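Please read it with the structure in view.

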Amino acid sequence: MENKVKVYEVLKKYTMVLVLFIVVILFTVNTGGKMLLPQNVNNLIAQNAYVFILATGMLFCILTGGNIDLSVGSVVCFVGAIGGTLMITMGVNPYLSMVAMLVVGALVGAMQGFWIAYVRIPPFIVTLAGMLVFRGLSNTVLKGMTLSPIPDSFLRLFNTYVPDFFGMEGFNLTCFLVGILVCLIYVATTLMGYRRKKQKGYRVDSLKSIVAKMVLICAVVIFFMFKLAQYKGIPNALIWVAVIIAIYSYISSKTTIGRYFYAVGGNEKATRLSGIDTNKIFFLAYLNMGILAAVAGMVTVARLNSANPTAGNSYEMDAIGACFIGGASAYGGTGTVPGVIVGATLMGVLNLGMSIMGVDQNLQKVVKGIVLVAAVIFDVVSKRKSFIVKQ
Amino acid sequence: MAKILLEMKNITKTFPGVKALDNVNLEVEQGEIHALVGENGAGKSTLMNVLSGIHPYGSYTGDIIYEDEICKFNKISDSEEKGIVIIHQELALVPYMTIAENMYLGNELGSKMSIDWDETYKAADGYLKTVGLKEPADTLIKDIGVGKQQLVEIAKALAKKAKLLILDEPTASLNEDDSQALLDLLLKFKAEGMTSIIISHKLNEIAYVADKITILRDGSTIETLDKNTDEITEDRIIKGMVGRELVDRFPKRPHTKSQEAALSVENWNVYHPLYSERKVVDNVSFHVNKGEVIGICGLMGAGRTELAMSIFGKSYGVNISGTLKIQGEKVKLNHVKDAIKHKLAYVTEDRKGNGLILSNPIKTNTTLAKMEAVSKRMIIDKDKEYLVADEYRKKLNTKCPTVNQNVENLSGGNQQKVLLAKWMFAEPEILILDEPTRGIDVGAKYEIYCIINELVAEGKSIIMVSSELPEVLGMSDRIYIMNEGRMVGELSAHEATQEKIMASILKSDKGV
């Protein structure tokens, strides 16, 4: 009985991980194994880097109380338009242009954040306006045209691969070794943490469950890196994504400021009466979203090798979807960065798998929509006893 | 013997993991006021939910016999059809609708496609007159006070042709005057033949109106007291509720107060944040010494909470003026952070709305106001956080499996303890406790009083804002009385009585 409850709890906690595994297996079978070809694994990262980046920022907005940012797609495009104009039309140094793009993103975020946090205009309205304004401005900046090509030194930062130091034929040993190194570091820190807690007499999870989780994560990481090694190695985009995820994962789970986002979303009044400046938290959520939208803008410009006025269309929906699939609450206050990673990966896998299978574009949208609503329904229903709310 | 209107026989109701009701029996006679008492979680509300069909037939065992027939209610409208109407503790009125619209919500007059508004307003006015409400039926709910809203709820029940009225904590949010009016209304209805069941924590009110009292404890019926045959006193009821004699409802403490003022307020004025010409706190002065408990009492809307919050880093009101001294030093607290820094804590009256983050675990709630203490350079030491929260769990005897538990799953008393833990962890010297025992049961109240005594024994000062006069009288060293934003009296513990307090409130009313 006790064990049954435990298994159920674990299943509930890791449902989306399980769903992800099942979806991957289904696609692998249906595509005759094409899904897991090294190049496709690589594409999963390259094509979806923007989702990971935007969803991370979106999570913090959603945490503050289910507030979404509808403008990110347009901001991605706008930042790209500014960057493209600077680099191509004006010939500004790409690195300087990147700084400019970040500054533009931050200014956009700060402006929207100011209205939302200090003037208390509903986020939905502010960012809906932002969505229109920045889409329009992108067109104006680009005069409705596509600017290309983007200088090589810029593309290199996002589109190329980490060089191999060993030069083995057909297998990027560096990539594989990095995978093993990451696993070793992960295992070491987990075990050290476990021992430290044990020594100090803190409560610890059972060693069995820790090891099981460790084995699973390491297996996934090594498999993933092995696939990448068979292709061209570590794509630079993966490094961007990994660094951003690592930073924000740490902020959300370990720092006081991260805690404030959860507190504000859970009960803003109580948070304010605990001596926390809640306006600032809202402001930071949107400021940060602007900055991350700028980063996503760079990734997008690099991937398209152009700045064009339709880039970033409906990116906001991908980001919002990833957050909700990843278990963020639509009312705020709950959600984790690892959850969002799973959500974003699931979205990516669906995109990729259906593209390989040649599923019609329109049907793809239907499937994604159903997955999104199913995930949220599951999340909401699993938290209570009955399916239909009793009146 | 009068006719039995309702009989609930051997009702047993289980929720996953808990037996909420265990063979409960309840007999209500026609035309009586029957009180249902018990600690929180004793099963009173569950029993009434079974009766009204919120827990449908089949989800419990046992029989409900109403007007000599066995009833099988599947939803609330089934029981309402029979004239059983329940008025819940949380008022269920829509603020931007008129009184009449609210009264006939879900029960509209006229046809489905065309509501007969003329008839609605006419009928509503009639019922409002019965409950003694002078407001016209087209007044918006948001424009009338809580006391009147409660009367609207009763009028709404009458409009449903209620024969058996169930009131769940009807006076919980009312002041003494409104409560009294409500109880008298119940007595008036009784004289007209209405049967009522009243659930309440306020034993003096029960002793006043009830003909019979059924006591529940841990999901079982303990006993039914009859006004005619048993002697009904508060102590007698408490004994039944807690299963032991509470000799002292308020724990004793040695005299700890010193003559040194910990906090003093002089000529404090606060204006309403929306209607800035309205003075909410009017030229108030008071002080609290080290190791002293002062009580601030008064009616609802006297400005007590507003006073407390305006002191606590100006979290309420505008154009605040006056002098605030902490430990003899003049200070200006512009933000809550300043207040915490000056070792002031405010434990809110509204623990769900303003105090706790319900969706977060106990541990994060405990550390929220002083996260610096469990973090280094903004990085939280989660193990330390757990230990701290666990220490307070033990210290305050909070009943929960672990401090990882979300606060929303705790009972009111335990939530209050978490809220207290949160502010105790902020290491204040002066604690403002706003209604520290509202809505929690007798046992938990006693524990909270003990915590208060421990705090003053450590030399801390307590400002207790409370609407429950016995509590103020039992716990305070000194009592301030507030009315309409002004301090209208100050009494020492040994000279204060309920009568004297009420007298100074009434006298000040006349003075206006």
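## Strand pairing and the open sheet

Two strands are taken to pair if DSSP finds at least two bridges between them. On that basis, and bearing in mind that this is a predicted model, chain B contains an open sheet of six strands with the order 6-7-8-3-9-10 and mixed pairing. The edges of this sheet are strand 6 (84-87) and strand 10 (220-226) of chain B, each of which pairs on one side only. Averaged over the sheet, and with direction ignored, neighbouring strands are turned by 20° against each other.

Strand 3 (residues 33-37) of chain B runs parallel to strand 9 of chain B and is joined to it by four bridges, with B:Leu36 and B:Thr214 as bridge partners. The pairing of strand 9 with strand 10 of chain B is instead antiparallel and extends over six bridges, including the one between B:Lys212 and B:Asp226. These two strands form a hairpin with two residues between them, and B:Asp218 in the turn has a positive phi of about 50°.

## Overall form of chain B

Chain B as a whole has 17 helices and 22 strands. Its radius of gyration is 24 Å, close to the 24 Å that the globule rule gives for 512 residues, so chain B is as compact as a globular protein of that length. Taken along the principal axes, the box filled by the C-alpha atoms of chain B is roughly 70 × 50 × 50 Å.

Of the 512 residues in chain B, 47% are buried. Among the contacts in chain B with a separation of 6 or more, 69% are between residues 24 or more positions apart.

## An enclosed strand of chain B

Strand 20 (residues 461-465) of chain B has five of its five residues buried, so this strand is largely enclosed by the rest of the structure. In a regular strand the side chains alternate between the two faces of the sheet. Here B:Ser461, B:Ile463 and B:Val465 point one way, while B:Ile462 and B:Met464 point the other way, and all are buried.

Strand 20 of chain B is paired with strand 13 (residues 293-298) of chain B, which runs parallel to it and is joined by four bridges; in this pairing B:Gly295 stands opposite B:Met464. Strand 19 (residues 430-434) of chain B also runs parallel to strand 20 of chain B, with five bridges joining the two, and B:Ile430 has B:Ser461 as its bridge partner.

Which elements of chain A give two or more residues to the side that touches chain B? The contact takes 21 residues from chain A and 24 residues from chain B, and the elements in question are helix 11 (256-266) and helix 12 (268-272) of chain A. Helix 11 of chain A gives the most, with six residues. By class, the residues on the side of chain A that touches chain B are six nonpolar, eight polar and seven charged.

Helix 11 of chain A is mostly covered, with nine of its eleven residues buried, among them A:Arg259, A:Tyr260, A:Phe261 and A:Tyr262. The buried residues of this helix pack against helix 3 (38-63), helix 10 (236-254), helix 12 and helix 13 (278-304) of chain A, together with helix 12 (362-367) and strand 18 (379-380) of chain B.

## Helices of chain A

Helix 14 (residues 315-325) and helix 16 (residues 361-382) of chain A pack at an angle of about 35°, with their axes 9 Å apart, and the crossing is left-handed. Helix 14 of chain A contributes A:Gly321, A:Phe324 and A:Ile325 to this contact, and helix 16 of chain A contributes A:Val371, A:Leu372, A:Ala375 and A:Val376. The contact has six nonpolar, one polar and no charged residues.

Elsewhere in chain A, A:Ala129 lies in helix 6 (residues 123-142), and A:Ala129 counts as partly exposed because it has 15 C-beta neighbours inside 10 Å. Its C-alpha atom is separated by 20 Å from that of A:Gly144, which is 15 residues apart from A:Ala129 along the chain.

Terms used. Residues are numbered from 1 along each chain as its sequence is written. Chains are lettered from A and ligands numbered from 1 in the order in which they are written. This is a predicted model: local features need pLDDT of at least 70, side-chain atom pairs count only at pLDDT 80 or more; totals for chains, interfaces and linings use all residues. The radius of gyration is taken over C-alpha atoms; the globule rule is 2.2 Å times the number of residues to the power 0.38. A residue is buried if 20 or more other C-beta atoms lie within 10 Å of its own, exposed if 12 or fewer, and partly exposed in between; C-beta atoms are placed from the backbone. Two residues are in contact if their C-beta atoms, placed from the backbone, lie within 7 Å. Axes are lines fitted to C-alpha atoms, for helices over the stretch in contact, and angles run from 0 to 180 degrees between N-to-C directions. A crossing is left-handed if the near helix is turned anticlockwise from the far one by less than a right angle, and right-handed if clockwise. Ala, Val, Leu, Ile, Met, Phe, Trp, Tyr, Cys and Pro count as nonpolar, Asp, Glu, Lys and Arg as charged, and the others, Gly among them, as polar.
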